[in-house]
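Here is a short note for a colleague opening this model for the first time. Please read it with the structure on screen.

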Amino acid sequence: MRVAIPDADLVQWVNNGLVNAPPGIKIIEAKLGGTHGEVRANTVGGQVHHMPADSVNLLPTAQGSAIWMYTEHHKETASNGRGPRAVRYRANQKSLIDHGKTDEAIIEDIKDVNRVAPGLYDISIRQMLKKYRRSQ
Amino acid sequence: MQAKNRYEIELGKGVGLIKLGMARQEVISIFGEPKSSYSDNLYLSDYYDFSRLRIDYNTNTEICLAIEISDSELIYKDKYQNIDLLSLSWERLFSWMLENDPHLDIRDDTFISHVLKISTGPKLDEESGIEVAESIVTFVEGYWPSEEYMAAAVERYVQSVPSAKDSAKELGLEAFF
């Protein structure tokens with residue numbers, strides 16, 4: 001029996017081995033990483049984190065690379081917010097992209113997500129990178 | 001889940017019992033230990049209330065420089081003209097800011113009023129499809145570095161950032177780069 005569960009929390013836990021799926025139930029690996037549009041369409045709640053930030057990545061919002069995150073983790077990412085740190089971080093990312101260093105910009109975002117929640121989003125990040133590579 | 005606190009914002013002065021200029025230890029004695037903290041060469045930041053409230057301190061002196069709130073449910077009311085800033089549409093909030101400070105300091109898509117002592121910027125609310133403020137930061141004078149300082153920092157950063165290939169190897173993601 002295959003069941004698609006649109007609850008990103010549960011899928012995230014199962015995919016990270018934190019809980020077991022009920023006997024006889026196969027949890028389909030959810031789209032927790034990819035383009036913003038597909039991740040949002042496959043999840044409920046939480047927030048979808050653009051990598052790089054939506055304001056600097058030159059793509060329409062739905063097409064930017066992104067992963068699903070718990071809201072409180074998303075709030076702690078360096079690009080989130082309206083203080084000088086977030087403004088400087090987004091300016092750094094924009095400058096990397098302007099210099100043709102989009103890969104570096106994405107890697108810096110991955111490091112930042114790992115700073116906030118080490119290892120928790122590894123599967124989502126790999127899903128996002130697969131999609132990102134296919135779009136190159 | 002723990003109930004959310006609700007705060008009264010006084011622009012340029014503080015949020016609830018937390019006043020700009022307070023020492024970090026004093027804040028912790030009121031608010032308790034933060035959920036998480038992060039520091040760099042700009043600020044030491046403490047996160048509270050599911051990270052919807054952030055307090056920035058001077059990294060060296062640990063004096064409170066700014067408070068950012070990113071959830072309108074956390075706000076009881078704003079003392080400044082009794083306007084609930086996070087509940088306004090972005091258009092109205094921006095108009096209100098311009099009326100009170102025609103010389104906004106604009107950094108990318110963030111708008112800073114050194115008169116009102118707030119910085120903010122728009123985001124699209126997914127449910128309503130309306131642009132609202134992503135958050136409200138209230139701060140003390142001197143919190144925002146000059147544009148020249150920020151630009152120089154960005155230039156240094158771009159020159160020093162490691163290559164994607166090297167970083168990917170460290171992260172075990174070399175297959176993608």
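1. Ground rules. This is a predicted model: local features need pLDDT of at least 70, side-chain atom pairs count only at pLDDT 80 or more, and totals for chains, interfaces and linings use all residues. Residues are numbered from 1 along each chain as its sequence is written, while chains are lettered from A and ligands numbered from 1 in the order in which they are written.

2. Confidence. The predictor gives the complex an ipTM of 0.90 and a pTM of 0.87. For chain A the mean is 85, and 80% of its residues reach 70 or more. Within chain A, α5(A) scores highest, at 96, and strand β1 (residues 2-3) lowest, at a mean of 47. Residues 1-6 of chain A fall below 50, yet this stretch has 13 contacts beyond near neighbours in sequence. Where pLDDT is low, the predicted coordinates should not be read in detail.

3. The interface. Contact here means C-beta atoms, placed from the backbone, within 7 Å. On that basis, 25 residues of chain A touch 39 residues of chain B. On the chain A side, α3 (71-76), α4, α5 (102-116) and α6 (122-134) each supply at least two residues. Of these, α4(A) gives the most, with 9 residues. By class, this side has 7 nonpolar, 7 polar and 11 charged residues. (Ala, Val, Leu, Ile, Met, Phe, Trp, Tyr, Cys and Pro count as nonpolar, Asp, Glu, Lys and Arg as charged, and the others, Gly among them, as polar.)

4. First helix pair. Helix α4 (residues 84-98) of chain A packs on helix α3 (residues 147-160) of chain B at about 50 degrees, axes 9 Å apart. Axes are lines fitted to C-alpha atoms, for helices over the stretch in contact, and angles run from 0 to 180 degrees between N-to-C directions. The two helices are therefore oblique to each other. (Angles under 35 degrees count as roughly parallel, over 145 as roughly antiparallel, 65 to 115 as roughly perpendicular and the rest as oblique.) The contact involves A:R88, A:A91, A:N92, A:S95 and A:L96 from α4(A), and B:M150, B:A153, B:V154, B:Y157 and B:V158 from α3(B). It has 7 nonpolar, 2 polar and 1 charged residues.

5. α5(A) packs against helix α4 (residues 164-171) of chain B at about 30 degrees, with axes 9 Å apart. They are therefore roughly parallel. Here A:D103, A:E104, A:I107 and A:I110 meet B:A164, B:S167, B:A168 and B:L171. The contact divides into 5 nonpolar, 1 polar and 2 charged residues.

6. The sheet. Chain A has an open sheet of 3 strands, in the order β3-β5-β4, with antiparallel pairing. Pairing requires at least two DSSP bridges between two strands. The edges are β3 (33-35) and β4 (47-50), each pairing on one side only. The twist averages 40 degrees from one strand to the next. β4(A) is joined to β5 (residues 65-69) of chain A by 4 bridges. A:H49 stands opposite A:I67 in β5(A). Finally, α6(A) lies across β3 and β5 of chain A, at about 35 degrees to β3(A).

Definitions and conventions. Contact = placed C-beta atoms within 7 Å. pLDDT = per-residue confidence, 0-100.
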